[in-house]
Amino acid sequence: MKHGIEQLVPLAILLSFIGGMANALVFHRTKKSVGVQFISWVCLLLSLTVNISMWRYLGHHKPLEYFFGGWPAPWGITFYVDRFAVAFCTLVSTLSLLSWTYSFHKQPALHRSLFFILQMSLYGMILTQDFFNFYVFLEVCSICLYGLLSDPNEPRSYLSVFRYLAVNTVAASLYLIGLAFVYSQCGSLNMSDLVSLIDLEDLPNKIGIGLMVVGFSIKTALFPLHFWLIDTYGNSKAQNTGFIASIVTKVFCIFLLRIFYSMLGHGEEALKLLSYLGILAWVSIALAPLLASKQKDLRKILAYSSISQIGYIIVGLAEGSSLGLYAAILQIFHHAVVKLTLFFVADEMNSQWGSYDVLHMANLPKHSKLITLACCMALLSLIGIPPLPGFFVKWMLIQSAMTQGHWVVIAIIAIGAMTSLLYTLRMIEIMFFPHTPWTESSSSKPHWNVYAPIAVALVLLMLQVGLLNQLLSWSQLTRYQP
Amino acid sequence: MNMLLHQLHYGIIFALILLGMYGLLLKKHFLKKIIAMNIRQVGVIFLFISLAYRKNALAPIETPGAQFYVNPLPHALMLTAIVVSLATTGVALALMLKIHENYGSLDEEEILEQQR
């Protein structure tokens, strides 16, 4: 209460909510309303500023806790902010600013509103300490996704979104049933409370956490449960999918990280559960790129590549070492920026040449040099070429696997790198050694709002290696000691 | 036997949840899927409510002479869960209408035939 800075904690959520409501109010107007656009920009920029200023403040202060309504931990809902959480919030607000710059003029007002509410739920899921509050944000997030992913011009998207809804509600109720087990055993829903209460030796707790983990492996699209992601990403507009693919599935990884690293600590049972998840992730890493190389639609290629890249995050978590944790966190940042860039490229392709066919990439180098460069860098980083962050993820994973003698992980990462060459090199080949003659683009050069976000994403991708130092400073946080 | 009777409701709840999951994932008609989704949500709600129950307990309003109160927290949580399930059902119904508009059918197999 001394500084009042903890009042900043829920501010990003409030700002996104205001943005969402402002856009929802004008949904019936066909012409652009300048006032609402102004409010949206202000909300986005302010929430970025709030997150960055919290980031700076937490560099030399203790983590903040915010009690809703002034009720302390076991009774009320609390938000907990350390540098780690606020880094992810900054990632969300940066990506949403980029995505908004790219797509605000093409979106219908209701989609804009949903975009803001989605952002709100993401902040909530990252910050909340209360398991049930997380569930509510998760459902808000899902409902926004159903709206954003259905595209009126593509009837197939309705089918895939319905299937997504079916799978998603199953995952959410698995989470809720798991929560019932944990609550009946421990009598608390607060994460920092449960640290001392939960004991995985107890069977109901084990079942509860296990059910939650199964729910999250559906939500993060690990291999046998990935089918929904391909259809939903493959049938909707790339301008919306970019933001969703880059951040939404990762928020669930962040939550898994919180459950296993900050709540359950280094227990043997917890590690065993995580290693089961790791096995699923191995399959995703090795197989998804193979399937990606067979697709013609760029969105589907990117969807399969997301599945394999999320596999790396889970493998990093399953390592149970601090190096594995760094790798997982760096991979979250790296993949978010890479996928956003590639989906921007896909959307630009669609708006220039009318479809998402991967062969249109042949036109890119003559169309715009910057976009080609960003696309190449993103692809090379996905393979893991040395100066790019993708390399450091694999490097740290292999180092950690070597010290712990996990030889299968090393083999899987090698296989994953090989198989991801299949689709990345195919795309690069199409770009620079086209089989079909170049077709004149239907419309003119891209506007500033295409160039600007792609350029910023490129810069962010290049600067990410600097995060390594930050990762080391996070390791001093006692809550995330693996 | 008495013990078993006391645990009977859990069996019913899990039957409801499994029934709902089966219907949602394996039934071919979209409306049936939505109904199954609701059955499953009701199962989850029952599970939480039955956790809160204590024998001979009163509603959590201060009453002179009362020994036990039921736990109000799961009830409060389930109020929220009911709202969430309402919203999800609404979205599902809207999607179903859109599917019907575009394909003229609500049977999944028929629609998949059309797509080929």
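pLDDT is the predictor's confidence in each residue, from 0 to 100. The model is predicted: local features need pLDDT of at least 70, side-chain atom pairs count only at pLDDT 80 or more, and totals for chains, interfaces and linings use all residues. Residues are numbered from 1 along each chain as its sequence is written, and chains are lettered from A and ligands numbered from 1 in the order in which they are written.

**Exercise 1. State the confidence of the model.**

Step 1. Chain B has a mean pLDDT of 87, and 99% of its residues reach 70 or more.
Step 2. For the model, ipTM is 0.92 and pTM is 0.91.

**Exercise 2. Describe the elements and the spread of chain B.**

Step 1. Helices (H or I, at least four residues) and strands (E, at least two) are DSSP runs, numbered from the N terminus. Chain B has 5 helices and 0 strands.
Step 2. The radius of gyration is taken over C-alpha atoms, and the globule rule is 2.2 Å times the number of residues to the power 0.38. Chain B is more spread out than a compact globule, because its radius of gyration of 20 Å is well over the 13 Å that the rule gives for 116 residues.
Step 3. The C-alpha trace of chain B spans about 70 × 35 × 10 Å along its principal axes.

**Exercise 3. Describe the side of chain A that touches chain B.**

Step 1. Two residues are in contact if their C-beta atoms, placed from the backbone, lie within 7 Å. By this rule, 22 residues of chain A are in contact with 26 residues of chain B.
Step 2. Helix H5 (131-149) and helix H6 (155-186) of chain A each supply at least two residues of this side. H6(A) gives the most, with 16 residues.
Step 3. Ala, Val, Leu, Ile, Met, Phe, Trp, Tyr, Cys and Pro count as nonpolar, Asp, Glu, Lys and Arg as charged, and the others, Gly among them, as polar. The side of chain A that touches chain B has 16 nonpolar, 4 polar and 2 charged residues.
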